[in-house]
Amino acid sequence: MSAKKKVVVIGGGIAGIAVARNLVEKAGDLVDVTVVTKDPFYMSGPSRPLLVTGEQSYDRIVRGYEKVAEKGVKFVFGTVKSVDPAERKVSLVEAPTRAPTASELSYDYLVVAPGVVFDGSGIEGYRENWWRNTTVYEPGRVDVLKRRVWSETKGAVVVYAPKQPYRCAPAPAETAMTIYTVLKHRGVEKNFRIVHIDANDKPQPPVIADAIKARYEEAGIELVTGQEIVEIGPDYVVTSAGEKFPYTILAALEPNRAPRFVEEAGLGNRWFEVRSPQDLRHVKYDDVLAAGDVAKLPFPKNQEIAYESALFAVNNLLDDLGVGEKLSVQYAFLGWAYLGNLEGKLETESVLFGLNFNYKPPKTTKDPTPKKEYTEAKDKWEQNYLKNLFDH
Ligand SMILES: Cc1cc2nc3c(=O)[nH]c(=O)nc-3n(C[C@H](O)[C@H](O)[C@H](O)COP(=O)(O)OP(=O)(O)OC[C@H]3O[C@@H](n4cnc5c(N)ncnc54)[C@H](O)[C@@H]3O)c2cc1C
């Protein structure tokens, strides 16, 4: 029997674990799968905005890799520094606090699934003032946001969405409405001006832009579209139109891109260049594939698309391995956007939206009336993902 093919997966997130688990399940006797990832745990993204209202807690969204390892997937913890597609090698450095069990890995197939990097380096003043910024995107920064929103009594809030593509289209609007809800709950909302600056021509995703605008009107949130933040000062931001907005609380999502090693390995400029949404191989290298947010796809960057792209990547590998039976997958999703609570109750209401990319133009689904049940549905959906990928 010929030796098993060595498959290295970069990133132990939604896409990386979906690839690793499915590949071991479908072709475990043909492949040896190693996931290289930064931390010995994973933290889910979608419900992080609810950490601000206190409706979510870390213990519900953090998972370890024990069960995945039990399935036969190998793990190396460290930060991938570089990929050499010509030599088929991945190099990594320590990601404190865990020593990697290898500093270099060779592969027959590489799946690149490290998600995104938040990059504010193109914004003037970011280097000096980054610490004044918060977002719902990262543990630590979301806690700073929470403390500020729960303690400050007056001021100006600026929320910012960079140009698409960025991870999770509605998250900036979710941030604005979550902040409003807490301020209203505390009875201080009238002492705050809340401005959402969006580099896109409408709040994202476009399918629920009207629902977001309607909610903003009721909450008195100002919306500024088509302007990028080009400067962050100590207490103000400046936009590409030259407008200056003061802030006491800043929640600006930095522009997103693939980790630097992708560009340095010649795998793409801002994003990993795939052949097509269904063929996740690199345009030049047959043995290097992408999955998840890192891939340049004509779709929004979210968990469902990340997961579906991972299954397509597995099918590409199964093809190569000569496995006939493929995974059933298509690009379509249902999502929920948290739109806060206008009465200030700490019971977030959400709207429903969906896109099915099997149709041209994509078929849309939506219920623009915010409901508590949709927040509960989103929680079930997120917990199911964690259960299916990490808990058994
Ligand atoms: C605040 C927030 C809200 C969101 N809301 C929604 C939502 O409502 N609906 C929805 O569908 N999606 C939502 N998302 C998006 C969703 O979480 C992502 O689309 C999904 O996680 C993408 O999967 P991925 O595998 O590409 O990346 P990730 O799940 O981020 O996994 C990437 C993994 O790679 C690791 N890694 C990165 N770089 C390296 C490196 N150099 N070396 C080693 N390891 C590395 C990371 O540590 C991580 O474990 C949200 C995300 C956030 C943060």
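Cys168 sits in the loop between β12 (155-161) and α6 (171-185), where helices (H or I, at least four residues) and strands (E, at least two) are DSSP runs numbered from the N terminus. The model is a predicted one, in which local features need pLDDT of at least 70 and side-chain atom pairs count only at pLDDT 80 or more, while totals for chains, interfaces and linings use all residues. Residues are numbered from 1 along each chain as its sequence is written.

**Backbone features in loops**

The phi of Cys168 is near 60°, a positive value in a residue other than glycine, and Cys168 counts as buried, with 25 C-beta neighbours inside 10 Å. Burial is judged from C-beta atoms placed from the backbone: a residue is buried if 20 or more others lie within 10 Å of its own, exposed if 12 or fewer, and partly exposed in between. Arg88, in the loop between β6 and β7 (89-93), also has a positive phi, near 55°, but Arg88 is partly exposed, with 18 other C-beta atoms within 10 Å. Most residues other than glycine have a negative phi, and most peptide bonds are trans.

| Cis peptide bond | Omega | Loop holding the proline |
|---|---|---|
| Gln204 to Pro205 | about -5° | between β13 (192-198) and α7 (209-219) |
| Lys360 to Pro361 | near -5° | between β22 (350-356) and β23 (363-371) |

**Domains and their contact**

The domain assignment, which is automatic or taken from a database, gives domain 1 (5-38 + 78-116 + 258-329) and domain 2 (118-256 + 333-391). The C-alpha centres of domain 1 and domain 2 lie 30 Å apart. Their contact takes 13 residues from domain 1 and 14 residues from domain 2, two residues being in contact if their C-beta atoms, placed from the backbone, lie within 7 Å. On the side of domain 1 that touches domain 2, α1 and α9 are the elements that give two or more residues, and α1 gives the most, with 4 residues. By class, this side of domain 1 has 7 nonpolar, 2 polar and 4 charged residues; here Ala, Val, Leu, Ile, Met, Phe, Trp, Tyr, Cys and Pro count as nonpolar, Asp, Glu, Lys and Arg as charged, and the others, Gly among them, as polar.

**Surroundings of the ligand**

The shell around the ligand draws at least three residues from each of domain 1 and domain 2. Of the 35 residues around the ligand, Gly11, Gly13, Gly45, Gly115 and Gly292 come nearest, a residue being near if its C-beta atom, placed from the backbone, lies within 6 Å of the molecule. At least two residues of the shell are supplied by each of α1 (14-27), β2 (31-37), β6 (79-84) and α9 (303-321). The shell has 16 nonpolar, 12 polar and 7 charged residues.

**Nonpolar cores**

A nonpolar core is a set of buried Ala, Val, Leu, Ile, Met, Phe, Trp, Tyr and Cys residues joined through C-beta atoms within 7 Å. In the largest core, of 59 residues, Val19, Val111, Val112, Ala113, Ala291 and Ala310 touch the most other members, and the largest share of this core, 10 residues, comes from α9. A second, separate core of 54 residues includes Leu50, Val158, Ala219 and Leu253. Leaving aside residues up to four places away in sequence, Val111 touches Val7, Val9, Val19, Leu289, Ala291 and Ala313.
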